[in-house]
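Let's take a walk through this structure together, strand by strand and contact by contact. Please keep the model open beside the text as you read.

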Amino acid sequence: MIRGEVKANREAIIPLQVRGQNGQTENIEAALDTGFTGFLTLPPSLVTALQLPSWGSSQFTLGDGNTVVFDVYIATILWDGQEREVYALEAEGGPLVGMSLLYGFRLTADVVDGGPVTIEALP
C-alpha cells in the first residue's frame, strides 16, 4: 500500500523513490493527476541528476487540446514495494503520477487539508 496526503493547496501527494541508470536514487513527492493518462512526469533537473536513459520523444495531447512533443525516459521506481520500470516524460513543474501508473490499483483520498491518500493493489 502507498500512503500520502492531501496538501493545503488541494494536491494529493505521495512519496516516490526514483532510481536512475547509475543506481542513484532520489526520494521525491509526486502529485496524483487523474487527467494525465501517462505514467510519470519528472522535471529536467531530476532527469539529468539521475542520468535516465532516453527512450526517444513522442507527441502528446494536453488537456487544453494542444499537441506537444515530450522527451521520454526510462525510470525505475519503487511502487507498492516492487521495482517497476516506467516511461517518464520530461516536463517542467513538479513530478506527476498519471493513470497508467495507477492502473490496477484502488485510489482513495479524503479531500481535506491533511486528508489521507491511499493506493492499494486491486485483488
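Glycine 4 has valine 117 in β10 as its bridge partner. Strands here, like helices, are DSSP runs numbered from the N terminus (E, at least two residues, for strands; H or I, at least four, for helices). β1 and β10 run antiparallel and are joined by 4 bridges; two strands count as paired if DSSP finds at least two bridges between them. Before going further, please note that this is a predicted model, in which local features need pLDDT of at least 70 and side-chain atom pairs count only at pLDDT 80 or more, while totals for chains, interfaces and linings use all residues. Residues are numbered from 1 along each chain as its sequence is written, and side-chain values use heavy atoms, with hydrogens and water left out.

β1 has another partner to look at: β1 and β2 pair in the antiparallel sense over 2 bridges. In this pairing, valine 6 stands opposite alanine 12 in β2. Valine 6 itself belongs to strand β1 and is buried, with a relative accessible area of 2%. Buried means under 20% relative accessible area, exposed means over 50%, and partly exposed is in between (1.4 Å probe, protein chains only). What is valine 6 in contact with, leaving aside its neighbours within four places in sequence? The residues are Glu11, Ala12, Asp110, Val111, Val112, Asp113, Gly114, Gly115 and Val117, where contact means heavy atoms within 4.5 Å. One of these, valine 111, is 105 residues from valine 6 along the chain, yet their C-alpha atoms are separated by 6.2 Å.

Now follow the chain into the turn. The hairpin of β1 and β2 has 5 residues between the strands, and among them arginine 10 takes a positive phi near 75°. Most residues other than glycine have a negative phi, so this is a spot worth a look. Arginine 10 is exposed, at a relative accessible area of 57%. A second residue of this kind is aspartate 80, which has a positive phi of about 55° although it is not a glycine. Aspartate 80 lies in the loop between β6 and β7 and is partly exposed, with a relative accessible area of 26%.

Side chains of opposite charge can pair when their charged atoms come close. A salt bridge here is a side-chain nitrogen of Lys or Arg within 4 Å of a carboxyl oxygen of Asp or Glu, and by this rule the count comes to 3. In one of them, aspartate 113 meets arginine 10, with the closest N and O atoms 2.9 Å apart. This pair links distant parts of the chain, 103 residues apart: aspartate 113 sits in the loop between β9 (105-109) and β10 (116-121), and arginine 10 in the loop between β1 (2-6) and β2 (12-19). Both aspartate 113 and arginine 10 are exposed.

Another salt bridge joins arginine 19 to glutamate 83, the closest N and O atoms being 2.6 Å apart. Here too distant parts of the chain are linked, with arginine 19 in strand β2 and glutamate 83 in strand β7 (residues 82-90), 64 residues apart. Arginine 19 is partly exposed, with a relative accessible area of 26%, whereas glutamate 83 counts as exposed at 56%. Threonine 76, in strand β6 (residues 67-79), touches both partners: not counting residues up to four places away in sequence, its contacts are Gln17, Val18, Arg19, Glu83, Arg84 and Glu85. Threonine 76 counts as buried, at 13% relative accessibility.

The remaining salt bridge is between glutamate 5 and lysine 7, whose closest N and O atoms are 3.6 Å apart. Glutamate 5 is partly exposed at 32% relative accessible area, and lysine 7 is partly exposed at 27%.
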